[in-house]
Amino acid sequence: MTTAAEIQALLAPLAAGRATARFDNGRADIVLDVTGLAPATRDALEADVRAAAASVSGVTEVRVLQTSERRVRRLIAVASGKGGVGKSTVAANLAIALAKRGRRVGLVDADIYGPSQPKLLSVEGIRPEARDKTMIPIPTRFGVPMLSMGGLVAEGQAVAWRGPMAGSALTQMVDADWGDAEVLILDLPPGTGDVQLTMIQKHKPAGAVIVSTPQDLALIDATRAIDLFTKVGVPVIGLIENMSGYACPQCGEVSHPFGEGGAERAAEKMRLPFLGRVPLEMAIRQASDAGEPPAAGNGPQAETFAALAARLDEWLAA
């Protein structure tokens, strides 16, 4: 006599614990958990499960119900309040370093008017595809899929959009088919305008990382960004000081063209964590321009971003 246990045992190695079977009067009812699986994989797994159950003696009908748990995906905003502080470079390398730690990470280039992530991640000229009006992120060879306005407009073309259009574009990118990504790094534009407000209202981030150079002018704008996130209840994970010290390649002497320790002092004053420093190095600039993010390598620059990612990873785990 056919039993549910017999069907369950047959499906176990095939479905890797995702299938639960019931059997009654010739009919096999199977609940199939497809959480985190791509559509094509789901359909293939259902077909295999259906065929296996139908092969059991006594089974005259097979019904399969796909179920999926809602995946909690956390958004981490990388913001600066001011342009020209290297925020996009930090965001890209932070995402890659986090992925190297085992996190499933996606990257959204939310800098609608000045997208730079396609160049940083070496996917210039590649347009994202869409399925059922939902965008599919562009895979990169660094293990971090990404979406950017830079992949939707011609290179060099100005994005002359008003706030609502920019906000709509950001929403489409955040709501894309990110698969099993558990963390989305949002590379925000500088300032505290429409794009930031739309993101906060519709896709409230779990936390924000603030990037600043050590100089006072950059810290003034970084403070404004911190104030925005604080007012809307988004935790500030901490500050990163970029362009922090320059070591002369000839003599090795370290100078501080943008000041020294300003972001760390600001973090201490505002009682916020200081996540670390990224030095002003020619190697970082050259690698970024070449679409070879330093975090993907194994040199001292990779170690710098690995340390920052470790602090972010600790915050996510906590």
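**Figure 1. Helix α7 and its buried residues.** The buried residues of α7 are A218, L219, D221, A222, A225, I226, L228 and F229. Buried means under 20% relative accessible area, exposed means over 50%, and partly exposed lies in between (1.4 Å probe, protein chains only). This is a predicted model: local features need pLDDT of at least 70, side-chain atom pairs count only at pLDDT 80 or more, and totals for chains, interfaces and linings use all residues. Residues are numbered from 1 along each chain as its sequence is written, and side-chain values use heavy atoms, with hydrogens and water left out. Helices (H or I, at least four residues) and strands (E, at least two) are DSSP runs, numbered from the N terminus. Helix α7 covers residues 216–231. At 1.5 Å a residue, its 16 residues should span 22 Å, and the end C-alpha atoms are 23 Å apart, which agrees. The expected span is 1.5 Å times one less than the number of residues. Just after α7, G233 takes a positive phi of about 80 degrees.

**Figure 2. The largest nonpolar core.** A nonpolar core is a set of buried Ala, Val, Leu, Ile, Met, Phe, Trp, Tyr and Cys residues joined through side-chain atoms within 4.5 Å. The largest one has 39 residues. V108, L188, M199, I210, F229 and L239 touch the most other members. Among the elements that each supply at least two residues of this core are β4 (74–79), α5 (163–174) and β11 (236–242). The largest share, 6 residues, comes from α7. Apart from this core lies another, of 37 residues, among them A97, L120, V183 and L316.

**Figure 3. The surroundings of F229.** Contact means heavy atoms within 4.5 Å. Leaving aside neighbours within four places in sequence, F229 is in contact with A77, A79, L188, M199, I200, A208, I210, V234 and V236.

Figure 4. Helix α3 runs over residues 87–100. Its 14 residues should span 20 Å at 1.5 Å a residue, and the end C-alpha atoms are 20 Å apart, which agrees. Of these 14 residues, 13 are buried, so α3 is largely enclosed by the rest of the structure. S88 lies in this helix. At 10% relative accessibility, S88 counts as buried. Not counting residues up to four places away in sequence, S88 touches S116, Q117, L120 and D187. Just after α3, G102 takes a positive phi of about 105 degrees.

**Figure 5. S80, in the loop between β4 and α3**. S80 is buried, with a relative accessible area of 1%. Setting aside neighbours within four places in sequence, S80 is in contact with V85, K87, P190, V211, D221, A222 and A225. S80 and A218 are 138 residues apart along the chain, and their C-alpha atoms are separated by 8.3 Å.

**Figure 6. A290, in the loop between α9 (282–289) and α10 (300–317)**. A290 counts as exposed, at 52% relative accessibility. A290 and L121 are 169 residues apart in sequence, and 8.9 Å apart in space, C-alpha to C-alpha.

**Figure 7. The protein chain behind the close-ups.** The protein chain has 10 helices and 14 strands. Of its 318 residues, 47% count as buried. Its C-alpha atoms fill a box of roughly 80 × 45 × 40 Å, taken along the principal axes. Among contacts between residues at least 6 apart in sequence, 73% join residues at least 24 apart.
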